[in-house]
Each structure stands twice: as C-alpha cells, then as structure tokens.
Amino acid sequence: MYIANVNSNFNYLVVQIQPTEQDLPFGTNLQNYLQIDLIGLTQAVVTAEYSVFREAAFNNEVYFYKVDADGKVDRFDPNTNIYQKSALDNLVKDAVTGEIVKFSAANQGVKSGTAQIETGSIIAPLIIVNGSLDQLTDSDSSNNPEIYFPYSGANADGVDHIRLLADNTFGFEDLPDGGDSDYNDLIVKINFNI
C-alpha cells in the first residue's frame with residue numbers, strides 16, 4: 001500500500017508517494033463497486049462499529065443488503081423489476097438480536113452504534129428517502145418512499161445516489177436526478193473489529 005501526500009501551491013501540484021506496511025481496512029476489496037466484502041474470514045460474526053451523519057431535511061434510512069460481486073440479488077440484475085423486492089428480502093440483520101440493522105440520524109446530528117454482522121457475504125448500501133422501511137414494505141403502495149441503490153440501473157431516475165467517500169465510508173444524495181450532488185445528505189462510516 002502507498003500513502004500519498006498532496007500539496008497544492010498556486011499553479012502546480014506536488015504529489016509525494018511512499019510505501020507503507022499498513023494494511024487496508026477489512027471489507028475494502030470491492031469498494032470500487034460500492035460493496036463491502038465480508039468473505040474470507042474464519043470467524044462467523046464481526047463487530048461493526050458505525051457512525052452516521054445527516055445533513056438533510058429529508059428523514060432518510062440506510063440499510064445494507066446481500067449481493068454477489070456483480071451486484072445481483074438472488075441472481076436478479078439491478079435493472080429488473082424484482083430487484084427491489086429481492087434486496088429488501090436480503091437486508092443485513094444483527095446476528096445477535098435478529099433485527100434489521102438501520103443507519104439513520106437526526107438532522108445535523110451524529111449517531112454511533114455497533115452491530116454484530118455475519119461474515120461470508122458481500123453487502124451493498126441502499127437509501128430510503130424521506131420515509132421508512134415500514135412504509136416501503138406495508139400493503140399500502142401509495143405511501144412508498146423513493147429508494148436508491150448503488151447501481152444506477154436499479155434507480156427510477158437512472159442516476160447514481162451513492163458514492164464512496166473513504167474506506168467503508170459511503171455518502172448519499174437523497175434528491176432525484178442527482179439533486180445538488182453533494183453526497184453528504186447521509187454519511188455512513190463502518191469499522192469492522194476482527
């Protein structure tokens with residue numbers, strides 16, 4: 001691994017790169033695809049320490065769901081009609097409590113917590129915009145909030161709404177068609193204790 005030190009001075013940029021022995025954080029193998037890789041551990045469960053920051057008027061919820069390396073869920077591509085239901089059926093649950101792990105915070109607030117996550121799978125984030133999972137999964141489809149995935153083909157507007165900001169740190173844009181593209185409406189950072 002290499003660490004880069006960047007200095008910007010007026011009209012030119014100087015980049016210094018030096019090797020380091022520091023390992024990449026666990027789960028970062030597939031981050032170019034906005035996924036966390038929980039495969040390859042001998043232990044069945046890891047502790048996920050997380051923090052959530054919100055800077056948005058909308059009350060959003062973030063969840064992670066199990067995917068394969070191509071972003072498919074139960075062999076369904078992100079651009080199929082059944083993808084949303086399959087993703088919601090595969091939400092990550094706390095291995096101890098059995099409850100679905102939800103990431104949310106009050107506006108201008110930070111919320112921290114821990115969850116026990118099963119290993120052996122790849123997970124990806126989704127955001128439910130200005131609504132709740134309960135609304136999305138109840139029998140009344142007239143109250144369904146918008147949901148965005150890390151794959152633009154799965155999003156109704158065809159736009160990316162999730163960005164990787166740092167290792168295991170995801171930024172979300174909650175407005176349709178890319179909104180203001182600041183990707184800080186909700187920020188979720190996860191550290192795994194191995």
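Visitor: How many bridges join strand β3 to β7, and do they run parallel or antiparallel?
Guide: Two bridges join β3 (residues 36-37) to β7, and the strands run antiparallel. Strands here are DSSP runs of E with at least two residues, helices are runs of H or I with at least four residues, and both are numbered from the N terminus. Two strands count as paired if DSSP finds at least two bridges between them.

Visitor: What should I know about the model itself?
Guide: This is a predicted model, in which local features need pLDDT of at least 70, side-chain atom pairs count only at pLDDT 80 or more, and totals for chains, interfaces and linings use all residues. Residues are numbered from 1 along each chain as its sequence is written, and side-chain values use heavy atoms, with hydrogens and water left out.

Visitor: Back to β7. Which residue there is the bridge partner of aspartate 37?
Guide: Isoleucine 122 is the partner of aspartate 37. Isoleucine 122 is also the bridge partner of valine 67.

Visitor: How many bridges does β5 make with β7?
Guide: Strand β5 (residues 61-67) pairs with β7 over seven bridges, in the antiparallel sense. Strand β8 (residues 146-148) is joined to β7 by three bridges and also runs antiparallel to it. In that pairing, valine 129 has glutamate 146 of β8 as its bridge partner.

Visitor: What holds paired strands together, in general?
Guide: Strands of a sheet pair through backbone hydrogen bonds, either parallel or antiparallel.

Visitor: Why is β7 described as largely enclosed?
Guide: Eight of the eight residues of β7 (residues 122-129) are buried, so the strand is largely enclosed by the rest of the structure. Buried means under 20% relative accessible area, exposed means over 50%, and partly exposed is in between, with a 1.4 Å probe and protein chains only.

Visitor: Which residues sit on each side?
Guide: On one side are Ile122, Ala124, Leu126 and Ile128, and on the other Ile123, Pro125, Ile127 and Val129. In a regular strand the side chains alternate between the two faces of the sheet.

Visitor: What about serine 121? Where is it?
Guide: Serine 121 is in the loop between β6 and β7. Serine 121 counts as buried because its relative accessibility is 13%. Leaving out residues up to four places away in sequence, serine 121 touches Ile36, Asp37, Leu38, Ile39 and Lys66, where contact means heavy atoms within 4.5 Å.

Visitor: New topic. How many helices and strands does the chain have?
Guide: The protein chain has two helices and eleven strands. Along the sequence the pattern is β-β-β-β-β-α-β-β-α-β-β-β-β. Buried residues make up 41% of its 194 residues.

Visitor: Which strands form the open sheet, and in what order?
Guide: Five strands form an open sheet in the order β6-β4-β11-β10-β9, with antiparallel pairing. The edge strands are β6 and β9 (162-166), each pairing on one side only.

Visitor: How many bridges link β9 and β10?
Guide: β9 and β10 (residues 169-172) pair over four bridges, in the antiparallel sense. Alanine 166 stands opposite threonine 169 in β10. Threonine 169 is buried, with a relative accessible area of 8%. Residues touching threonine 169, not counting those up to four places away in sequence, are Arg163, Leu164, Ile187, Val188 and Lys189.

Visitor: How many cavities of 30 Å³ or more are there?
Guide: There is one. A cavity is a set of points, on a 1 Å grid over the protein atoms alone, where a 1.4 Å probe fits but cannot get out; lining residues have an atom within 4 Å of a point. The largest cavity has a volume of about 70 Å³, a volume being the space filled by probe spheres set on the points, which are joined across faces, edges and corners.

Visitor: Which residues line the largest cavity?
Guide: Among them are Ala48, Tyr50, Phe64, Ile117, Ile123 and Phe192. The elements giving two or more residues to the lining are β4 (45-54), β6 (110-118) and β11 (186-193).

Definitions and conventions. 1 Å grid on protein atoms, 1.4 Å probe; cavity = no way out; pocket = protein on both sides within 12 Å on 5 of 7 lines; lining within 4 Å.
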